[in-house]
Amino acid sequence: MKEGAGDSRNKPSAPASIALAALGAGVVAGLLLVGLPPGVNWLLVAAAVAAAVVSVAWRRALPANALTFGALSLALTATAVHTAAVWQLVLNLIVALGLASLAVAPARTWTEFILGFGAAGWRTPAALAWLLRVRHRGPAGEAASVTLRLARGFVLGGFRALFASADQAFAQVADRILAAADVRYDVLPARFMVAGTVALFTAALASFTPAFGVGRGGPTEWVAGLRAEFGEPRKRQLGRAEWITALSMLDALFVLFVVVQITVLFGGREHVLDTSELTYAEYARSGFFQLVTVAALTLLVLGFFARHAQRARSHDLLLLKILGGVLVALTLVVLASALKRLSLYEEVYGFTRLRLVVHAAILWLAAMFGIVAVAGIRSNPRWVPRAVVVVSTLSLLVFTLIRPDAFIAARNVERFRETGRIDLPYLGALSPDAAPA
């Protein structure tokens, strides 16, 4: 029993500054997020969380990962000021939360980045226990629980809400004294829930910083611990004859496909009109998703060969670069073909969210192949996971800045002027971004 008590005392306790900073960020979130549409309030809450973590966790200059991913996270959150499309904002918020985790939980490998994207979520139970062990040394030397004091404050706030709901005059006086923006007592439970969630998220972020020892560090330590416990995973090497044969056959297959299908791949209106019984829809859809799938799978194939291809001879690396580079170039041709088909389909039948998202996905895949090509030339793949995350986030930002719903509406209005056809029910279901068009 004594041993257990000693273990409990040895567990790290959160300083009072963490609890206060997390509570402050939670209060800001409770006031600004509940009952208000997305806008500058999202950015203010994100800034409050970032300020709370930085003020209590970093006493020196911020590390590079905190600056990079923290800035990207804030930028995605700030898109709430630019667009009113809920589907876009939800996606941006999810990615922004993941980037916030990566800002405080450094990662290097693919496995570490995957774990790091949800690091704050994994740490939430430990962060809650950490906060419940908050201790404060009083003037007389006795240890008093700051958490209990905060709980008493919330209880008093609840009584204030009950009094306010019981007497309208008291409610008016309380609102004037506290000067709280848009205080509505019917949404008070939601405010408490949001405030608690954001405060816990803030504490989870702060717990990863080097100033506090909570849990087993970040993704790097997690992966290292798993390897120490279960051993290094066996890395199967492909023999020289295996990977040369496989890559050569893939290159030959792609070359044959591009050469045989060159007219179909890049034929435009003339090809459609000259081919009997071939409609625009059939032309644009035929093999489109297959082409995109092939391109995506090629990324995995290249990564597999780069990791597992045996390079025993001095010129093996050069041969791998050549065969891989040919495959990258041919895949970009396939992506160009898919983009051509989709553009023709959009030209004739108009834009929709799905078509625009697929359009953006093709361009994103092309950017990923560009990263792979640079990594192959430099023979240094360590920076690839970080580059993929950064480029993907920047792509999402650009996609948001064009305001997809406004873009879709504008293009369909132009098509209406040319053809006299328009899908009003679909356009009416778009977000307010489409209103100007």
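Modeller: Helices here are DSSP runs of H or I with at least four residues, numbered from the N terminus. Keep in mind that this is a predicted model, where local features need pLDDT of at least 70, side-chain atom pairs count only at pLDDT 80 or more, and totals for chains, interfaces and linings use all residues. Residues are numbered from 1 along each chain as its sequence is written, and side-chain values use heavy atoms, with hydrogens and water left out.

Now look at H2, residues 16-33: its 18 residues reach 25 Å from first C-alpha to last, close to the 26 Å expected. An α-helix has 3.6 residues a turn, so residues three or four places apart point the same way. Just after H2 comes Gly-35, with a positive phi of about 80 degrees.

Moving along, H3 (residues 40-57) packs against H4 (residues 64-78) at about 160 degrees, axes 8 Å apart. The axes are lines fitted to C-alpha atoms over the stretch in contact, and angles run from 0 to 180 degrees between N-to-C directions. The two helices are therefore roughly antiparallel, a label for angles over 145 degrees. On the H3 side, Trp-42, Leu-43, Ala-46 and Ala-47 make the contact, meeting Leu-74, Thr-77 and Ala-78 of H4; contact means heavy atoms within 4.5 Å.

Note on methods. Parallel < 35°, antiparallel > 145°, perpendicular 65-115°, else oblique. Expected span 1.5 Å × (residues − 1).
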